[in-house]
Amino acid sequence: MASSSLRFAQPTFPNSILKTKTNTFFVSKSVFLTPVPNKGKASNAHAITKLACVNKTTEIAACNQIIGDVNAKLTPLRIGIIGFGNFGQFIAKGLRRQGHFVLATSRSDYSEYCKQNGMQFFRNMDALCEEQPDVILVCSSILSTENIIRSIPIHKLKPDTIFADVLSVKQFPRNLFLEILPPGFGIVCTHPMFGPESGKNGWNGLPFVFEKVRVTDTGAQAEKCTQFLDIFEQEGCRMVEMTCEEHDRHAAGSQFITHTIGRILSHLNLESTPINTKGYETLLQLTENTISDSFDLYYGLFMYNVNATEQMDNLDRAFETVKQKLYSRLHDILRKQIVERVPMQGELRTKSTNSLSYLPDGESIKKLASLSMSEIKLSEAVTVSSPR
């Protein structure tokens, strides 16, 4: 009998039926495990699964199936998403691509969307929690997160359920989880550093930040956590493990500043021109991407990141520094043209050729003065006397 090695996109159940386009196979048992080269923390093993063809005409000796850990089960995760808006749907598609079950709930009705995309929608949180998902993924807005987490019927969940979030700030949800959730619940704080726009062509190479805040070292919870993180690694994400404090410090200096600049530019009503430079095109794109997010998101980045106020103050000081450098140089030039070359009233006139012969006429001085004193009448700033 011929044998070959196959890799399937979706997880398979032990002792179950696996269908392909050409044959149907019975998954009989796991044969052995071998390490996966060059894999990160979230995934480190191949499960070599023996498959016997149901119609007995062919046998496939082995099937390479990537799983999260050497002892991890092949059973797909049941992931409950709370907050099924644009970003929740975006993440859900990635979970489905990796073969996991998606259970969703939201204030709006997405039952038809879920039906069309192989997901389950629940009208309320109680109904979702009664399904006892392995992972609860919070995809709500930053501003509504606390109310939502406090309203979850925790008593309906399994005692080792893992809670995760995808908020753009990390210390806030971490502290909230630790305060509200019972000790046995797992906590993983994550932040996909991309969204529906930047990740529309795939997640390959895009950073995914995470911290295992409270997860058991061994057992079912540890295996499920590894399996959950493996979803993003298998999608090609660049996995970045760092503390929530580190994340918020870096995010304030990058994400918050980016959103702030974009918001400022949006008030300038910038438009494309026939002579756009590459830099200007970048600014237009930045403005468009920024205002596509709600102001609540931007406010959340400011309100719930302890480093944001400092960055706002730094930005304000930086702008004033640049402005002062420009005005200082301009004033120095105008002072030479206006003050030093115009005789003070009552000053004795000399016949030196270096004095009044090079004095600019009144119209030239008026143009120079208007550059820095557009809001001050020229007559109030300087008096020019024509030479006799």
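T287 lies in helix α8, where helices (H or I, at least four residues) and strands (E, at least two) are DSSP runs, numbered from the N terminus. The model is a predicted one, in which local features need pLDDT of at least 70 and side-chain atom pairs count only at pLDDT 80 or more, while totals for chains, interfaces and linings use all residues. Residues are numbered from 1 along each chain as its sequence is written, and side-chain values use heavy atoms, with hydrogens and water left out.

Because its relative accessibility is 10%, T287 counts as buried; buried means under 20% relative accessible area, exposed over 50%, and partly exposed in between, with a 1.4 Å probe and protein chains only. Leaving aside neighbours within four places in sequence, T287 is in contact with G262, L265 and S266, where contact means heavy atoms within 4.5 Å.

How do the axes of the two helices cross? The axes of α7 (residues 244-266) and α8 (residues 278-291) come within 8 Å and cross at roughly 100°; axes are lines fitted to C-alpha atoms, for helices over the stretch in contact, and angles run from 0 to 180 degrees between N-to-C directions. The two helices are therefore roughly perpendicular to each other, a word used for angles of 65 to 115 degrees, whereas angles under 35 count as roughly parallel, over 145 as roughly antiparallel and the rest as oblique.

## Two loop residues with positive phi

In the loop between α7 and α8 we find N269, which has a positive phi of about 55° although it is not a glycine. N269 is exposed, because its relative accessible area is 59%. Q132, in the loop between α3 (125-130) and β9, also is not a glycine and has a positive phi, of about 50°. At 34% relative accessibility, Q132 counts as partly exposed.

## The nonpolar cores

A nonpolar core is a set of buried Ala, Val, Leu, Ile, Met, Phe, Trp, Tyr and Cys residues joined through side-chain atoms within 4.5 Å. The largest one has 31 residues, and those with the most contacts inside it are I79, I81, L95, L137, F228 and F232. At least two residues of this core come from each of β6 (78-82), α1 (86-97), β7 (101-105), β9 (135-138), β10 (162-165), β12 (207-214) and α6 (220-234), and α6 gives the most, with 5 residues. Apart from this core lies another, of 30 residues, among them V138, L167, Y298 and L301.

I81 lies in strand β6 and counts as buried, because its relative accessibility is 0%. Leaving aside neighbours within four places in sequence, the residues in contact with I81 include L95, V102, L103, L137 and C139. C139 is itself buried, with a relative accessible area of 10%.

Q221 lies in helix α6 and counts as buried at 5% relative accessibility. Among its contacts, leaving aside neighbours within four places in sequence, are D160, T161, I162, F185 and R214. The C-alpha atoms of Q221 and D134 are separated by 8.7 Å, although these residues are 87 residues apart along the chain.

Helix α5 (residues 171-180) has 7 of its 10 residues buried, so it is largely enclosed by the rest of the structure. Those buried residues are Q171, F172, P173, R174, L176, F177 and I180, and what covers them includes β9, α4 (145-150), β10, β11 (186-192), β12 and α7.

## The chain as a whole

The chain has 12 helices and 13 strands, and of its 388 residues, 41% count as buried. Among contacts between residues at least 6 apart in sequence, 64% join residues at least 24 apart.
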